[in-house]
Amino acid sequence: MPLLVPISKSLQTALEKLSRETGEPITHLISNALSHCFDVPQHTLFQVSTSGALVQGIYKRAVSSSFLLNYGDFGLGTFENLDGEMVVLDGAIYQARSDGKVLNITDDAGTPFAVVTHFTADQDQSIVSASSFAEITKICDRYRDSDNLFYAFRIDGHFTHIHTRAMKATLDGLPLAKAAAIQPEFEFVDVDGTLVGLWAPQFSSALNIAGYHFHFLSEDRTKGGHLLECSGKNLRVRVDRLNDFHLSLPESEEFLRADLTKDASEDLAYAEQLHKKENA
Ligand SMILES: [Zn+2]
């Protein structure tokens, strides 16, 4: 949000001096100063638990959904016992459930895994049309200036096709790859909505899902889920470059005792991407 505020000459001189010395644009310096003043973190990704723990079947509550909102107004995750897909958008939490319904979560709900940020766009771009998810991610690649930072992507517009899945509540301890193999999937045609996404660097694969991870929420908040495939036109793409990472680890007995030494990235890739159903 642009803000026009008169400031004193001495403040202006100090800002210009700091900008010259650090190479930081004045707008960044002011945003940083305000974020310190009000204790609102900027460009920080806040993550609860690790993808490795999720792969191992650690699905119990690590934090509450309301706690999550202290750390961001935008993001994605899942709920206790993998009960649906979480979408955090404009400071509200939505649960895309396996029965196809989307609930606005206002009461406390537990989450075993989530990533959120206070979304502040560094870039505002557009995509005229894209015929596949792969094409959209290729375009998003152009808006990343590094492979070594995290990026939040917000994509709004008209989707000619959306293919999602939504996790069904499962037993604690059932490995994610097995749980993901039997999930209901949904197809939507000609729907307005938002893709809420994160790009995570390869080096973070021990903690997170490396690469792109998007959840969808329709404009009328009735459709959603973990994105498997999509196409769209007249899309607005906003990008938030995240250079700060905060990891909150669960202290549950199951997390403390879990063997998290195994590389979970293969199981995770299987669970997160489009694949043939094994059991259903
Ligand atoms: Zn997901």
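Predicted model: local features only at pLDDT ≥ 70, side-chain atom pairs only at ≥ 80, totals over all residues.
Most residues other than glycine have a negative phi.

Asparagine 81 is placed in the loop between S3 and strand S4 (85-89). With a relative accessible area of 30%, asparagine 81 is partly exposed, because that class covers the range between 20% and 50%.

## A loop residue facing a distant part of the chain

The loop between helix H7 (253-257) and H8 contains aspartate 259, a residue whose relative accessibility of 47% makes it count as partly exposed. Between aspartate 259 and glutamine 56 the C-alpha to C-alpha distance is 8.4 Å, although the two are 203 residues apart in sequence.

Histidine 213 lies in strand S12 (residues 211-218), whereas histidine 226 lies in strand S13 (residues 224-242), so the pair ties together parts that are 13 residues apart in sequence. Both histidine 213 and histidine 226 are buried.

## The second largest pocket

Helix H8 provides the largest share of the lining of the second largest pocket, with four residues. By class, the lining of this pocket is made up of ten nonpolar residues, seven polar residues and one charged residue.

Across the whole structure, a search finds four cavities of 30 Å³ or more. The largest cavity holds about 130 Å³ of space, and among the 16 residues of its lining those closest to its centre are Leu54, Thr78, Glu85, Arg165 and Glu272. Helix H3 (51-55), strand S3 (74-78), S12 and H8 each give at least two residues to the lining of the largest cavity, which divides into seven nonpolar, six polar and three charged residues.

For the second largest cavity the volume is about 50 Å³, and the elements that contribute two or more residues to its lining are S3, strand S8 (113-117) and strand S11 (185-200). Residues lining this second largest cavity include Phe74, Gly75 and Leu76, along with Val115, Val116 and Thr117, and also Val196, Gly197 and Leu198. The lining of the second largest cavity has nine nonpolar and three polar residues, but no charged residues.

## Aromatic contacts

Twelve aromatic pairs are found in a search of the whole structure. One of them joins phenylalanine 74 and phenylalanine 119 in a tilted arrangement, with 4.6 Å centre to centre and 40° between the planes. This pair links distant parts of the chain, since phenylalanine 74 is in strand S3 and phenylalanine 119 is in the loop between S8 and strand S9 (123-130), 45 residues apart. Phenylalanine 74 and phenylalanine 119 are both buried, and Phe74 also takes part in lining the second largest cavity.

Phenylalanine 133 and phenylalanine 214 form an edge-to-face pair, with 5.8 Å centre to centre and 85° between the planes. Phenylalanine 133 lies in helix H5 (residues 133-142) and phenylalanine 214 in strand S12, so this pair ties together parts that are 81 residues apart in sequence; phenylalanine 133 and phenylalanine 214 are both buried. Together with Tyr151, Phe153, Trp199 and Tyr212, Phe133 and Phe214 form one aromatic cluster.

Terms used:
Residues numbered from 1 in each chain as written. Heavy atoms only, no water. Buried < 20%, exposed > 50% of the residue type's maximum accessible area, 1.4 Å probe, protein only. Nonpolar A, V, L, I, M, F, W, Y, C, P; charged D, E, K, R; others polar. 1 Å grid on protein atoms, 1.4 Å probe; cavity = no way out; pocket = protein on both sides within 12 Å on 5 of 7 lines; lining within 4 Å. Points joined across faces, edges and corners; volume = space filled by probe spheres on them. Phe/Tyr/Trp six-rings, centres within 6.5 Å; stacked < 30°, edge-to-face > 60°.
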